[in-house]
Amino acid sequence: MHHIKTKDMKQLGNKSLSAVLAVVVNLLWWAEWAFGAWCIYMGAMAAHIRKAFALQVPISYSPMTMSVVPPIKKNGEVGILNTTNGVLSVHIDANWQNIGMLLIGYGLIFAVIVTITYQLKKILQSFSKDQPFHRSNMSRIKIIALVLISYSIVQWLFIIAVNHILIATFGFKHLELTYDFNITCFLIGVALFIVEGIIKTGLSLEEERQLTI
């Protein structure tokens, strides 16, 4: 029993792995705010000096043959190099409408990152206090799950809107834009919902068992 308890303390407590991760996540939390402030400063400078923004828009499109790769051997098969995604650089004026749209778009992304980091920070702090299965952690896991699922859906709707704008603005004669859905974030969110439900059920059963003793 003493061996098991010692092993558990390596994972929990003030001098455990979880405590180290809590410090790392806390540093990441402040780094995110510092990066956000730097981005706002650089955006303000670009709007003041250049009067325009160079907006990098990630796009995905149907496979397009870029070049034919010749074989090393004379009788070898010819390889075809395809590409399905890239980044489109668009210059937009630094007017109030565009600035507002950029603040909303990047603000939502920043809010997603900061929210998830904050919830992880609080979860790891409870780990360092030997309270990994505290009920508040269930709510934090649920918040992370909701944020990930909502982000995947909003991102997909944003891609649809941006693609319509790009198609109306530019003449993509050889490209057919696609509408990728971030299935990874969505599935992680669903998995976290399932984990939260399992832990919540386990806690309820444990509380009932202790009441009957």
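A charge sits over a ring if NZ of Lys or CZ of Arg is within 6 Å of the ring centre and within 35 degrees of the ring normal. Keep that in mind for the first close-up, and note that everything here comes from a predicted model.

**View 1. Lys-121 and the ring of Trp-29.**
Here the charged end of Lys-121 sits over the ring of Trp-29, 5.4 Å from the centre of that ring. Trp-29 also belongs to one aromatic cluster, together with Trp-33, Phe-110 and Tyr-118. In helix α2, Trp-29 is one of the buried residues.

**View 2. The whole chain, for orientation.**
Of its 213 residues, 23% count as buried. The accessible surface comes to about 15,500 Å², and carbon and sulfur atoms account for 69% of that surface. Now look at contacts between residues at least 6 apart in sequence: 69% of them join residues at least 24 apart.

**View 3. Helix α2 from end to end.**
Helix α2 covers residues 17-49. How far apart are the end C-alpha atoms of this helix? They are 47 Å apart, which agrees with the 48 Å that 33 residues should span at 1.5 Å a residue. The buried residues of α2 are Ser-18, Ala-19, Ala-22, Val-25, Trp-29, Glu-32, Gly-36 and Ala-47. Beyond the helix comes Lys-51, whose phi is positive, near 60 degrees.

**View 4. Ile-40, a residue of α2.**
Ile-40 has its place in helix α2. Is Ile-40 buried or exposed? Its relative accessibility is 59%, and because exposed means over 50%, Ile-40 counts as exposed. Leu-103 lies 63 residues away from Ile-40 along the chain, yet the C-alpha atoms of the two are separated by 9.0 Å.

**View 5. Trp-33 and Phe-110, an aromatic pair.**
The structure holds 6 aromatic pairs. One of them joins Trp-33 and Phe-110 in an edge-to-face arrangement, with 5.2 Å from centre to centre and 80 degrees between the planes. Trp-33 lies in helix α2 and Phe-110 in helix α3, so this pair ties together parts that are 77 residues apart in sequence. Trp-33 is partly exposed at 40% relative accessibility, and Phe-110 is partly exposed too, with a relative accessible area of 25%.

**View 6. Trp-156 and Phe-181, another aromatic pair.**
Which parts of the chain does the pair link? Trp-156 is in helix α4, while Phe-181 is in the loop between α4 and α5, 25 residues apart. Trp-156 is partly exposed, with a relative accessible area of 33%, and Phe-181 is partly exposed at 32%.

**View 7. The largest nonpolar core.**
In soluble globular proteins, nonpolar side chains tend to be buried together. This view shows the largest nonpolar core, with 13 residues, of which Phe-53, Val-57, Ile-59, Ile-92 and Leu-166 touch the most other members. At least two residues of this core come from each of β1, β2, α3 and α4, and β1 gives the largest share, 5 residues. Leu-166 is in contact with Val-57, Ile-59, Leu-88, Phe-172 and Leu-177, leaving aside neighbours within four places in sequence. A second, separate core of 10 residues includes Ile-123, Ile-144, Val-147 and Leu-203.

**View 8. Helix α5 and its cover.**
The 30 residues of α5 should span 44 Å at 1.5 Å a residue, and the end C-alpha atoms are 44 Å apart, which agrees. Cys-185, Gly-189, Glu-196 and Leu-203 are buried in this helix. What covers the buried residues of α5 includes α4.

**View 9. Leu-148 in helix α4.**
Leu-148 is found in helix α4 and counts as buried, at 11% relative accessibility. Which residues does Leu-148 touch, not counting those up to four places away in sequence? They are Ile-116, Cys-185, Ile-188, Gly-189 and Leu-192. Asn-182 is 34 residues from Leu-148 along the chain, and the C-alpha atoms of these two are separated by 9.7 Å.

Conventions:
Residues are numbered from 1 along each chain as its sequence is written. This is a predicted model: local features need pLDDT of at least 70, side-chain atom pairs count only at pLDDT 80 or more; totals for chains, interfaces and linings use all residues. Side-chain values use heavy atoms; hydrogens and water are left out. Helices (H or I, at least four residues) and strands (E, at least two) are DSSP runs, numbered from the N terminus. The expected span of a helix is 1.5 Å times one less than its number of residues. Buried means under 20% relative accessible area, exposed over 50%, partly exposed in between (1.4 Å probe, protein chains only). A nonpolar core is a set of buried Ala, Val, Leu, Ile, Met, Phe, Trp, Tyr and Cys residues joined through side-chain atoms within 4.5 Å. Contact means heavy atoms within 4.5 Å. Accessible areas come from the Shrake-Rupley method with a 1.4 Å probe; for residues, only the protein chains shown count as cover. Rings of Phe, Tyr and Trp (its six-membered ring) pair if their centres lie within 6.5 Å; planes under 30 degrees apart count as stacked, over 60 as edge-to-face and the rest as tilted.
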